[in-house]
Amino acid sequence: MSRVRSRIKPKAKERFQKRIRDVIKGLSRPVEIYKQPRKGECPNCFYDKMTASSTGKCKWTPAQALAKQQEWENSGYVTTRYKYFLKGRCPVCKGSGYLETVRKTWADCLVVWNPSARGYGNALVYTPAGTEGSTIVLLKTHPKNYDLFKDADKLFIDGIECKVSRPPLLRGLGNEAILIITAFTTEKPKVDSDEIIKDYR
Ligand SMILES: [Zn+2]
């Protein structure tokens, strides 16, 4: 008997885990992730370490700048990163010498607004310091998204701006693992009122 049981158990477990993943997949919706902007030296002009700003000299010849910009656009970007100028204010960094690249990406997540009111354990949810009165949102997603959420600057969940309240939490091991993210917003979500209980404490 016990033998049979031990043979069935992992299978059942597997099925169960697959179901959880399917549920997440089926009910998930895209969450927009803004990563912390990356600040780097301007790719278009020479940087002056003494003044910590642009030297006002272009790194490229007109043909080089065109080719590099074309290459940049071919990889899917729409911003101007390379543009020839003769002398003076760099048109890319406006003379600052730095360029901030905003990185935005998406991840499919199961979204639970105000999880404590919906029967989720206390262990998963807490109110970040200084955010009393804000709405908590719990996300469940595939562990592969860990890095996306780890240094996320802000999230847009159902069109509402949220902040991640602590590092993402990995629940379970190996194939069973699910990534859990707790975020909060001080905006009042405008989704149907049944879904959200305001003034969460
Ligand atoms: Zn520049």
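What share of the 201 residues in the protein chain is buried? I began my notebook with this question, and I keep in mind throughout that the model is predicted. I found that buried residues make up 22% of the chain.

**Entry: overall layout**

I looked up the elements next, and the protein chain has three helices and nine strands. Reading from the N terminus on, I wrote down their order as α-β-β-β-α-β-β-α-β-β-β-β. I also looked at contacts between residues at least 6 apart in sequence, and of these 65% join residues at least 24 apart.

**Entry: confidence**

The average pLDDT of the protein chain is 81, and 72% of the residues score at least 70. For residues 1–6 the pLDDT stays under 50, and I noted zero contacts beyond four places in sequence for them in the model. Residues 191–201 also have a pLDDT below 50, although this stretch has 17 contacts in the model beyond near neighbours in sequence. Where pLDDT is low, the predicted coordinates should not be read in detail.

In soluble globular proteins, nonpolar side chains tend to be buried together.

I then followed L155, leaving aside its neighbours within four places in sequence, and found it in contact with V31, E32, I33, C162, V164 and A183.

I also picked out V112, which lies in strand β4. Is V112 buried or exposed? V112 counts as buried because it has 21 C-beta neighbours inside 10 Å, where the cut-off for a buried residue is 20 or more. V112 and L139 are 27 residues apart in sequence, yet their C-alpha atoms are 6.3 Å apart in space.

**Entry: paired strands**

I traced β6 to β7, which run antiparallel and are joined by three bridges. Within this pair, I157 has I160 in β7 as its bridge partner. Strand β7 is also joined to β9, again antiparallel, by two bridges, and here the partner of K163 is F184 in β9.

**Entry: positive phi angles**

Most residues other than glycine have a negative phi, and I therefore searched for exceptions to this rule. One of them is D158, whose phi is near 50°. The hairpin of β6 and β7, where D158 sits, has two residues between the strands. D158 is partly exposed, with 16 other C-beta atoms within 10 Å.

Another is K94, which is not a glycine and has a positive phi of about 55°. I located K94 in the loop between α2 (62–74) and β4. K94 is exposed, because 12 other C-beta atoms lie within 10 Å of its own, and the cut-off for an exposed residue is 12 or fewer.

**Entry: helix α2**

How many residues does α2 have? I noted 13 residues, with a reach of 18 Å from the first C-alpha to the last, close to the 18 Å expected at 1.5 Å a residue. Just after α2 comes G76, which takes a positive phi of about 100°.

Methods
Residues numbered from 1 in each chain as written. Predicted model: local features only at pLDDT ≥ 70, side-chain atom pairs only at ≥ 80, totals over all residues. Contact = placed C-beta atoms within 7 Å. Helix = DSSP H or I, 4+ residues; strand = E, 2+ residues; numbered from the N terminus. Expected span 1.5 Å × (residues − 1). pLDDT = per-residue confidence, 0-100. Pairing = 2+ DSSP bridges.
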